[in-house]
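Subject: Structure handover

Hello,

Here is the structure for you to look over. My notes follow below it.

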Amino acid sequence: ILGLIALVFLISTLVITQQKSLNVIASFGEYKRMAKPGLSFKAPWPFESVVGTISLRTRELAEAVGVKTKDNAFLKVPVKVQYRAIESRAKEAFYELQDPKAQIISYIVNVILGCANGLEMDEIFQNKTTFGDEVERQLKEKLSDFGYEVINVLVDDPQPTAEMKATFDRVLAS
């Protein structure tokens, strides 16, 4: 029985971390350190425990944001944001946001609404790259505080709403 207890005690000191990931190690609920990929050791449970894992892989969020332009046109702007946690800021990436995916989507929507609000419909269509660059700049600034890096922002062709398409069709028909 003592041998089994010693084996369990020894196994509880091992931490195996997958490639492109970090394991978060805490002691009695307080952050202690990150375990890098491979085999590492920690104090046995309950003194230290692995409380979570953070991925360092590049992820992508896609969202179609409904916007109203300066000239009162309503468009859906499809956007894809590629982002990842910054290894040196992994503590913030793990602890700062409760639901990173949902909260990053909220930032994406907010930034796109702010950028599109000051532009006319034609400007969004003609300057899609400039629009995307401005969205990327603002997202990089906001998300870096939370330990995330924006790799790329891809803005697809804005799509007018069904009502706008019907209006354009009527104008063309007349």
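One definition to start: buried means under 20% relative accessible area, exposed means over 50%, and partly exposed lies in between, with a 1.4 Å probe and protein chains only. This is a predicted model, where local features need pLDDT of at least 70, side-chain atom pairs count only at pLDDT 80 or more, and totals for chains, interfaces and linings use all residues. Residues are numbered from 1 along each chain as its sequence is written, and side-chain values use heavy atoms, leaving out hydrogens and water.

Overall picture

The protein has six helices and nine strands. These are DSSP runs numbered from the N terminus: helices are H or I with at least four residues, strands are E with at least two. The radius of gyration is 23 Å, well over the 16 Å that the globule rule gives for 174 residues, so the protein is more spread out than a compact globule. That radius is taken over C-alpha atoms, and the rule is 2.2 Å times the number of residues to the power 0.38. Along the principal axes, the C-alpha atoms fill a box of roughly 90 × 25 × 25 Å.

Of the 174 residues, 33% are buried. The exposed surface comes to about 10500 Å², with 55% of it supplied by carbon and sulfur atoms. Areas come from the Shrake-Rupley method with a 1.4 Å probe; for residues, only the protein chains shown count as cover. Take contacts (heavy atoms within 4.5 Å) between residues at least 6 apart in sequence: 65% of them join residues at least 24 apart.

Charges and salt bridges

There are 21 positive and 22 negative side chains, and the centres of the two sets lie 7 Å apart. Lys and Arg count as positive, Asp and Glu as negative; His and the chain ends are not counted. Each charge is placed at NZ of Lys, CZ of Arg, CG of Asp or CD of Glu.

The whole structure holds seven salt bridges. The criterion is a side-chain nitrogen of Lys or Arg within 4 Å of a carboxyl oxygen of Asp or Glu.

One of them pairs Glu48 with Arg33, with the closest N and O atoms 3.6 Å apart. This pair links distant parts of the chain, 15 residues apart: Glu48 is in the loop between strand E4 (38-41) and strand E5 (49-55), and Arg33 is in strand E3 (residues 30-35). Glu48 is buried, at 13% relative accessible area. Arg33 is partly exposed, at 28%.

Helix H5 (residues 128-144) carries Glu134 and Arg137, three residues apart, or about one turn. Their side chains form a salt bridge at 2.7 Å, N to O. Glu134 is partly exposed at 28%, and Arg137 is partly exposed at 44%. Arg137 also bridges to Glu141, at 3.5 Å, N to O. Salt bridges with shared partners join Glu134, Arg137 and Glu141 into one network. Glu141 is exposed, at 53% relative accessibility.

Tyr83

Where does Tyr83 sit? Tyr83 is in strand E7 (residues 74-85). Its relative accessibility is 3%, which counts as buried. Beyond neighbours within four places in sequence, Tyr83 contacts Arg57, Thr58, Arg59, Glu60, Leu61, Ile104, Tyr148, Glu149, Val150 and Ile151. Tyr83 and Glu149 are 66 residues apart in sequence, yet their C-alpha atoms are 5.5 Å apart in space.

Best wishes
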